[in-house]
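Walk me through this predicted model, from its overall fold to a few local details. Give the cut-offs along the way.

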Amino acid sequence: MASDMVVALGRSTVDGRTLFGHNSGRPSHSPPSSPGGEGRGVRGEGPWLVRTPGRCFAPGERLRTQHLELPQARQTYTVVGGQSKGLWGYHHGVNEHGVAIGYTTLRTRLQCDRPGLLGTDLVRLGLERANSARQAVELLTDLVSRHGQGAYPGCPPADRYDSALLIADAAEAFAVETSGQHWVYQEIQQVRAMSDVCTIHQDWDWIARGLASHAIGQGWWPADGSKLDFATAVSAAPDADRPALRRWGRATLLLEQQNGHIDLAFIRRLLGDHYEGTEDEADPLHKVTGPEPICRHEGTGGATAASLVAPLGGVPMAWCAFGPPCTGVYLPVFLDGDLPSAFGRDRESAEAPLARRLWQLVRQVGGDAERWAAARVAFDQLQARLDLDAEEFLAETADLRERGDRVEFGRLAGLFMQHAAERFETVLEGLLTPPARQAAPAGDLEPAGAPGLNDE
């Protein structure tokens with residue numbers, strides 16, 4: 001479940017707000033990663049958005065994660081997260097306190113051989129239980145140390161994995177990389193990118209107890225008193241990490257080049273990057289033959305299933321795009337409002353209805369550059385309109401928020417999200433009707449049942 005994550009703290013952005021971004025990936029095939037479906041992120045299996053309201057629990061209550069039963073927290077927080085079929089946890093999300101977390105998979109030498117916590121479990125647990133990024137780091141590293149991660153009964157070694165987590169709030173951000181029941185974390189100063197490859201070397205700020213001595217004992221690091229190089233010592237297959245390392249390098253370069261001038265539009269463009277302006281520029285209409293881009297499509301060894309961007313600080317909200325971000329629109333998501341049904345799971349197709357319609361358009365357009373250009377113009381116009389509408393909505397509801405009237409603000413936020421979803425659906429419907437069919441007289445339409453571009 002390879003993913004790409006970025007964060008820019010307020011000191012590196014235009015308006016002083018921290019910006020968090022996450023492309024949730026899925027493999028292009030369906031490996032048997034677990035009986036419950038972990039790793040089965042093929043097209044048609046999400047993710048969709050879930051809103052989990054915060055609540056209080058009685059002492060002694062317990063909850064079931066993917067493979068483990070844990071004590072329940074006395075208080076949980078409201079969370080919006082991206083979820084896929086068969087999973088308890090989330091790929092990415094944000095909570096009511098403005099904490100954002102995303103994860104990706106890592107392959108290391110210390111994977112657990114017993115049931116543990118999945119990366120998606122860690123994302124959901126951190127969001128439900130932490131009111132700051134630092135608290136989430138302390139919580140999640142403790143859970144990893146206690147329970148380990150990945151694996152399920154009978155899990156083959158090839159399907160075991162560890163997790164990398166990017167955790168941020170309005171003031172702080174942390175990169176966490178794990179290996180079995182061990183971990184390191186790095187406090188981020190300005191900007192940071194993460195992919196499905198270990199990138200923390202000797203620049204960690206804290207390390208799990210016993211990890212350095214274990215690595216030395218295994219002969220992975222010399223006993224010369226030097227600081228443990230985490231990535232060098234624990235990475236399992238450096239050659240297999242090259243595509244992820246290339247994506248990480250590209251994201252890091254873009255962030256550093258724009259440092260101090262980063263805004264929401266830039267983070268979206270970064271997550272939709274295809275090496276534009278370089279000799280490796282990839283055409284999203286055709287199979288990628290060069291380096292794997294940050295915005296990945298079917299046929300590249302994996303694909304981007306959904307993208308989330310969260311401005312942290314102020315009203316808790318995020319922007320979510322279904323599918324590769326270059327093919328769609330980032331829609332507003334407010335934690336205080338009920339999510340539109342179009343953002344949630346369609347029981348028949350096991351994905352968000354908007355995602356299903358978007359994939360239908362992608363299949364229809366295929367390699368037609370003219371139709372693709374028309375779709376992109378329509379999407380860009382809608383994105384600009386939604387951005388402006390969101391600013392106006394927040395300005396118009398400022399009095400409600402100042403009075404603490406979350407009920408009324410939540411009602412209006414729900415209506416605003418529903419309107420945004422309907423506008424996107426309208427644009428999609430117009431694009432799904434080929435120009436020739438739009439212009440044809442009524443008598444020239446295809447007979448009922450005849451195959452056409454609208455057929456799946």
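The protein chain carries 11 helices and 16 strands. Both are DSSP runs numbered from the N terminus: helices are H or I with at least four residues, strands are E with at least two. The model is predicted, so local features need pLDDT of at least 70 and side-chain atom pairs count only at pLDDT 80 or more, while totals for chains, interfaces and linings use all residues. Residues are numbered from 1 along each chain as its sequence is written, and side-chain values use heavy atoms, with hydrogens and water left out.

Of the 456 residues in the protein chain, 59% are buried. Buried means under 20% relative accessible area, exposed over 50%, and partly exposed in between, with a 1.4 Å probe and protein chains only. Contacts (heavy atoms within 4.5 Å) can be split by sequence distance. Among those with a separation of 6 or more, 67% join residues 24 or more positions apart.

The largest pocket has a volume of about 700 Å³. A pocket is found on a 1 Å grid over the protein atoms alone, as an open set of points where a 1.4 Å probe fits, with protein on both sides within 12 Å along at least five of seven lines; lining residues have an atom within 4 Å of a point. Helix H6 (264-271), strand S15 (317-322) and helix H8 (369-396) each give two or more residues to the lining. H8 gives the most, with 9 residues. By type, the lining holds 16 nonpolar, 4 polar and 10 charged residues. Here Ala, Val, Leu, Ile, Met, Phe, Trp, Tyr, Cys and Pro count as nonpolar, Asp, Glu, Lys and Arg as charged, and the others, Gly among them, as polar.

Now turn to serine 132. Serine 132 sits in the loop between helix H1 (119-129) and helix H2 (133-147). A polar atom of its side chain lies 3.1 Å from the backbone nitrogen of glutamine 135. Leaving out residues up to four places away in sequence, serine 132 touches Val99 and Asp169.

Last, the cysteines. The whole structure has 0 disulfides, a disulfide being a pair of cysteine sulfur atoms within 2.5 Å. For cysteine 295, the nearest cysteine sulfur is that of cysteine 326, 3.7 Å away. Cysteine 295 has 0% relative accessibility, so it counts as buried. Cysteine 326 is also buried, because its relative accessible area is 12%.

Conventions
Points joined across faces, edges and corners; volume = space filled by probe spheres on them. Polar contact = N/O pair within 3.5 Å; in protein donor to acceptor, adjacent residues only side chain to side chain.
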